[in-house]
Amino acid sequence: MTLGACCCVGVLRYGEGDGRPAGEHNVRDLPPPLEARAQDQQTSYDGAQDARHDLLDAQVFRPGPPRRLTTDGESDQNPLFSPSGAQIAFSTRRAHGSFDIWLMDADGNNATPLTSLANHDAVNLPGSAWCAKTNRIVYSSDASGQENLWTIKADGSGAKMLTDGPSLDREPTWSPSCDRVVFQSKRDDNWDIYVIRADGTQLRRLTNDSAKDWAPNWSPAGETILFQSKRSGRWKLYTVAANSGLLHQITTGSSEDTDCSWSRDGRYVVYSTDAGGNGGARIAILDVTTPLATPQLITQGDDYDGAPCWSPSGRTIAFESNRSGNLDIWLVDLW
Ligand SMILES: [Ca+2]
Ligand SMILES: [Ca+2]
């Protein structure tokens, strides 16, 4: 696919399809026997956070009906709450054929372009891509002719390129103090997770696996980075410690789990999953601080819901959905 083509499933990525396999929907695994789980704990993932299966039976939240926030005929994707919660940034092709980042009020009013790159793309990730301290949004763009990381102030001024060179750098988010950016890059011929300081120095590779590692989001609670990886054969969620590189698998089972980001207190992870329906994908929430916790579906139905982002107040999830017939930004209140 050419640059600028949208996969329309999963977090928006130009140039590459989501890879979600057909015919694997409506599959809900039972958890493996206790013996098998004990073995898994030793070999593949964090025993303290065991049992991230497709059970979907947690009852922590009481979500209301989803509310549609945008109605434009073009694709509106990747909602990103401002630090105050008053605005939402998103990626859209409204202005011209390429993607730009737009801002709107949290009620959907006053949508205006933040970037305006005819013939080039600018794409933000949901989650921790908008820094409260500097009011800068970090994003990926091919404005220089190559796919690099950029930052821009939320008033549209001061766009700066953070990485350069021919490597593919995508899907950046800030560390909690905004002194570092975590992102996915193919600079070593393989999609892995990297960290770089906000001044463009001290690039570090965090993962090194032949499978795709995508869409990292930095925990607001500390030095843990959440991402999605296909290293088990399906998209599953993992965390990696920013300092030690220690890896934990967060979700297991037969579902495809993507588009992960954090609640503002770092207790919950919100993500998109094809578990719990007859196709499409739904929004799920998982408590990653409680052993044996199971996910809870926050949206229902067989449409596609993806790219969720938690509001700063904690009450609302913004997400992209095709339930209206094309991709729009939707909200769901958790109580
Ligand atoms: Ca990899
Ligand atoms: Ca739309």
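This is a predicted model: local features need pLDDT of at least 70, side-chain atom pairs count only at pLDDT 80 or more; totals for chains, interfaces and linings use all residues.

1. Residues are numbered from 1 along each chain as its sequence is written, and chains are lettered from A and ligands numbered from 1 in the order in which they are written.

2. The chain holds one helix and 24 strands, where helices (H or I, at least four residues) and strands (E, at least two) are DSSP runs numbered from the N terminus. Of its 335 residues, 47% count as buried; a residue is buried if 20 or more other C-beta atoms lie within 10 Å of its own, exposed if 12 or fewer, and partly exposed in between, with C-beta atoms placed from the backbone. Among contacts with a separation of 6 or more, 46% come from residues 24 or more positions apart, a contact being two residues whose C-beta atoms, placed from the backbone, lie within 7 Å.

3. One open sheet has four strands in the order β2-β3-β4-β5, with antiparallel pairing, and two strands pair if DSSP finds at least two bridges between them. β2 (76–81) and β5 (112–113) each have a single partner strand, so one side of each is left without a neighbour in the sheet. Strand β4 (residues 100–105) is joined to β5 by two bridges, and Trp102 has Pro113 in β5 as its bridge partner.

4. Four bridges link β18 with strand β19 (residues 268–273), where Val269 in β19 is the bridge partner of Trp262.

5. Which strand is mostly covered, with six of its six residues buried? It is β23 (residues 316–321), from which Thr316, Ala318 and Glu320 point one way and Ile317, Phe319 and Ser321 the other way, all of them buried.

6. β23 pairs antiparallel with strand β22 (residues 305–310) over four bridges, and six bridges join β23 to strand β24 (residues 328–333), also antiparallel. Glu320 of β23 stands opposite Gly306 and also opposite Ile329 in β24.

7. The hairpin of β22 and β23 has five residues between the strands, with Gly314 in the turn at a positive phi of about 90 degrees, whereas the hairpin of β23 and β24 has six residues between them, with Gly325 at a positive phi of about 115 degrees.
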